[in-house]
Amino acid sequence: MGLFFHIHKPTQLILDDRLTMRQYMPYFKWWQDTTDVLVTCRMFIFNVTNSDRWLHGLDDQLHLEEIVPIVYREMLEHTDVVFHEHNSTMSYITRRRLEFLPERNIPGILNRTIVVPNLSLLGAAAKIENDGYFKKKAFNLLYAVSGDAVFSRMTIYDYLWNTKPPFLEEVRKFVPSMVPSDNVGILKTMYEDSVDHVNVLHGKRHGHQRFFAMHTYEYEPTVPGFSLARGDCFASIVNSSEGATYQQNLDERSVLIYWRKTLCRAVPLYFNRRVPKGSLTGYKYVLPDSSYDRLPNSTADCYKGQYGLLEDGMTDTSKCSHDVPIVATSPHFYARNFTAGHKITGMKPNRERHHSYIIADPSFGIPLDQCARTQTNLAVPKLTHFSWDIARFSEMLIPMFWIEYHQKELPPYIIRTLEAFYVLRDAEPYLPYALYLAFLLLLIVAFREAARFRMHGSKVVPSKCPKKQQLTKL
């Protein structure tokens, strides 16, 4: 055993075995059952405080006020696992759902009334800006008939889960194909298609650096909505991770690629520093401020915008939003000063509150703490031939909400297992010599017992007869 462990390190054997994802091993069960891992989803909504003054030209800027976060727990399930030995991949279905956390919310927060731009109305107008004059006239007619308005007053619950604008209901009567759903609540839309088919790499064939790297998502190597058959840009999700685990044996040169469907893209995070996390030390990787900037090669930039070139710091998510010109930015426009954002006030960028990061265990790639933050905005181009109140929103970047997904810690039993792994790693240089010493001690004991046997082996020791047998003979 000492010779074996002199050649093969125990901790490396453990990591090599994890590559296979054996279904009866603890690390597979940790990944499959995430009920003990708390991931909070915090929604920050912007309330408009001067809608009437702005609409009538009394104020030049639309003032937004951030509402305290509405806190949910995101539940993640992994089911229907299938191993494909021919290419060493693993397929599974992932499901996500939200659970409201009353203890982490202000009482009655969902019933609070807010004023927000009519995003479905403005989004539809922005989407057809490049269409013909008569289509816009029909749009204006339906808008007038519906009795809708450019600002909506509603509860936070309705904004998140039950938004049914009269304009969409009117359009749905005449052109049902243009309105896939009459309910455009933010969270309802984000989580209505919560079942996804994922295929990842596993096994020694792909090694530690590509362990659990995404191979296909919804049976394609690209972001849903981007079709290579239609000639779309190659928006790759290859080698990314959904965040449950990352590659093993991380170092300062490693790049973690995080994929999130709500972001509509995979983004790279780079090493920042080592961070103590209790008894463990994690490697912190951060999302650079330039992640959403335009690429020098415009052809390779899949997120430059399909309704006009976006500014640095914006990433187009329209392919994942029914082709409505939705763009993602950092929360509160952190690290960027957008030209289209000058008509908005109330943004208070702060790096500590608004940047994204991952702190991962360097050996296993298990996230000890990770936080993904992004803001969703409606990018409105210059509007022509629309009613005056809609046209008032021309060339604006309207913040809709920003969201934070935060996994702050791991369950104690996972932490204890990782601690035991590092204790073993610290002891492993001495383990072979301890076993050699144990071997010598056992050998000494064996020779000592053999010598004793040789000394006493020829002597006959008479056996004693039990008293019961003696009485029987008598």
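These are my notebook entries on a predicted model of one protein chain.

**Ground rules.** I number residues from 1 along each chain as its sequence is written, and I leave out hydrogens and water, using heavy atoms for side-chain values. Because the model is predicted, I ask for pLDDT of at least 70 for local features and 80 or more for side-chain atom pairs, while totals for chains, interfaces and linings use all residues.

**Entry 1, the whole chain.** I looked up the secondary structure and found 14 helices and 17 strands. Helices here are DSSP runs of H or I with at least four residues, strands are E runs of at least two, and both are numbered from the N terminus. Next I took the radius of gyration, which is 31 Å; the globule rule gives 23 Å for 474 residues, so the chain is more spread out than a compact globule. That radius is taken over C-alpha atoms, and the rule is 2.2 Å times the number of residues to the power 0.38. I also noted the box that the C-alpha atoms fill along the principal axes, roughly 125 × 55 × 40 Å.

I checked burial and got 49% of the 474 residues as buried. Buried means under 20% relative accessible area, exposed means over 50%, and partly exposed lies in between (1.4 Å probe, protein chains only). Then I turned to contacts, meaning heavy atoms within 4.5 Å. Among those between residues at least 6 apart in sequence, 65% join residues at least 24 apart.

I picked E11, residues 280-286, and asked how many of its 7 residues are buried. I found 6, so the strand is largely enclosed by the rest of the structure. I then looked for its partners, where pairing needs at least two DSSP bridges between two strands. Strand E10 (residues 265-277) runs antiparallel to E11, with 7 bridges. Lys-277 has Leu-280 of E11 as its bridge partner. The E10 and E11 hairpin has 2 residues between the strands, and Gly-278 there takes a positive phi near 65°. E11 also pairs with strand E15 (residues 357-360), again antiparallel, over 4 bridges.

Which residues of E15 are buried on each side? I found Tyr-357 and Ile-359 on one side, with Ile-358 and Ala-360 on the other. In a regular strand the side chains alternate between the two faces of the sheet. I followed E15 onward to strand E16 (residues 367-380), which is antiparallel to it and joined by 4 bridges. Ile-359 has Asp-369 of E16 as its bridge partner. The hairpin of E15 and E16 has 6 residues between the strands, and Gly-365 in the turn has a positive phi of about 75°.

I looked at H5, residues 119-127, and found 7 of its 9 residues buried. Among them are Leu-119, Leu-121 and Leu-122.

Most residues other than glycine have a negative phi. I noted Ser-88, with a positive phi near 55°. Ser-88 sits in the loop between strand E3 (70-84) and strand E4 (89-100). Ser-88 is buried, at 10% relative accessible area. Glu-218 also has a positive phi, about 55°. Glu-218 lies in the loop between strand E8 (214-217) and strand E9 (255-260). I found Glu-218 partly exposed, at 26%.
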